[in-house]
Amino acid sequence: MCGRYTLTVTWEELLIYYSLEESPLPFHQPRYNVAPSQVMPALIHDGQKRRIGPLRWGLIPSWAKDEKIAYRTINARAETLLDKPAFRQSFQRKRCIIPADSFYEWKLIDKKNKQPMRIVPGQGRLFHMAGLYDTWVHPVDGAKISTFTIITTTPNKKMETIHDRMPVLLPAEHIDTWLKRDNSDVRQLQALLKPAPDECLDMYPVSSEVGRVHHDSPACIAAIDDPPVLF
């Protein structure tokens, strides 16, 4: 599972990084502890060009009766995208990239305790996490809610010391292949959903405060030189 991540770059830096020509998004600010149900920038392709805009974390399929499903769809397993009704249609036409400069995972210390770890890019500045998106229309007031899920896969050797899943981290050269809506080559798309090479990421221990949703400050990403012994 990927249940927390960070995006500490500015909106202007995102636009430059992805070669986008759009005005600043008022809501964006550096985030050190992004959690499900929160709204974050996502990169899509509108059929003509790349675009970036706000999506809420936790996919609500267009056919859903209510919003409750979002609590179960923050992640989508790469191996079963075509088997799950919640993800099948989005996989075919509504794929996105979730920019992140790190994500968190919890390493099991013993039967009772876990140490949060921050996983950062070993190469480059940003992770391009593969995702899916959809837009749901509220049946009562007609409000439109656009949401996303992060796709996970099996871990590489570095990540398997912490967890049995990791986000799909696409290399920059595969971004357009993933995003383009007219790409219906399922085999090609599925081939992209694999663990990133070990050299693509590094990691270090951080404070347990990242487990608290309301804690969103630079302290979340500060390294702990000597993690405390947990009992």
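Start with the second largest pocket, where the biggest share of the lining, five residues, comes from E4. Keep in mind that you're looking at a predicted model. If you want to pick the lining out in the viewer, select Glu22, Ala42, Ile44, Arg51, Ile52, Gly53, Pro54, Leu55, Tyr133, Thr135 and Ser146. Sorted by class, that gives six nonpolar, three polar and two charged residues. The space inside comes to about 170 Å³.

Now over to the largest pocket, which holds about 320 Å³ of space. Its lining takes in 19 residues, and those nearest the centre are Leu169, Leu170, Pro171, Ala172 and Cys200. What does the lining look like by class? It has 13 nonpolar, four polar and two charged residues.

The structure has one cavity of 30 Å³ or more, and the volume of the largest cavity is about 30 Å³. Which helix gives the most to its lining? That's helix H2 (residues 85-93), with six residues. Around this cavity you'll find Pro61, Ser62, Trp63, Pro85, Ala86, Phe87, Arg88, Gln89, Ser90 and Asp134. Five of the lining residues are nonpolar, three are polar and two are charged.

Two of those cavity-lining residues, Trp63 and Ala86, lead us to Ile69, which touches both of them. Ile69 sits in the loop between strand E4 (50-57) and E5. Is Ile69 buried or exposed? Its relative accessibility is 11%, so Ile69 counts as buried. Leaving out residues up to four places away in sequence, Ile69 touches Leu59, Ile60, Pro61, Trp63, Ala64 and Ala86. For a sense of distance, look across to Pro155: it lies 86 residues from Ile69 along the chain, and 26 Å separates their C-alpha atoms.

Follow the chain on to strand E5 (residues 75-77), and you come to Asn75. Asn75 counts as buried because its relative accessibility is 14%. Which residues is Asn75 in contact with, once neighbours within four places in sequence are set aside? They are Met1, Cys2, Trp57, Phe87, Thr149, Ile150 and Thr152.

Methods:
Residues are numbered from 1 along each chain as its sequence is written. This is a predicted model: local features need pLDDT of at least 70, side-chain atom pairs count only at pLDDT 80 or more; totals for chains, interfaces and linings use all residues. Side-chain values use heavy atoms; hydrogens and water are left out. On a 1 Å grid over the protein atoms alone, a cavity is a set of points where a 1.4 Å probe fits but cannot get out, and a pocket is an open set with protein on both sides within 12 Å along at least five of seven lines; lining residues have an atom within 4 Å of a point. Grid points are joined across faces, edges and corners, and a volume is the space filled by probe spheres set on the points. Helices (H or I, at least four residues) and strands (E, at least two) are DSSP runs, numbered from the N terminus. Ala, Val, Leu, Ile, Met, Phe, Trp, Tyr, Cys and Pro count as nonpolar, Asp, Glu, Lys and Arg as charged, and the others, Gly among them, as polar. Buried means under 20% relative accessible area, exposed over 50%, partly exposed in between (1.4 Å probe, protein chains only). Contact means heavy atoms within 4.5 Å.
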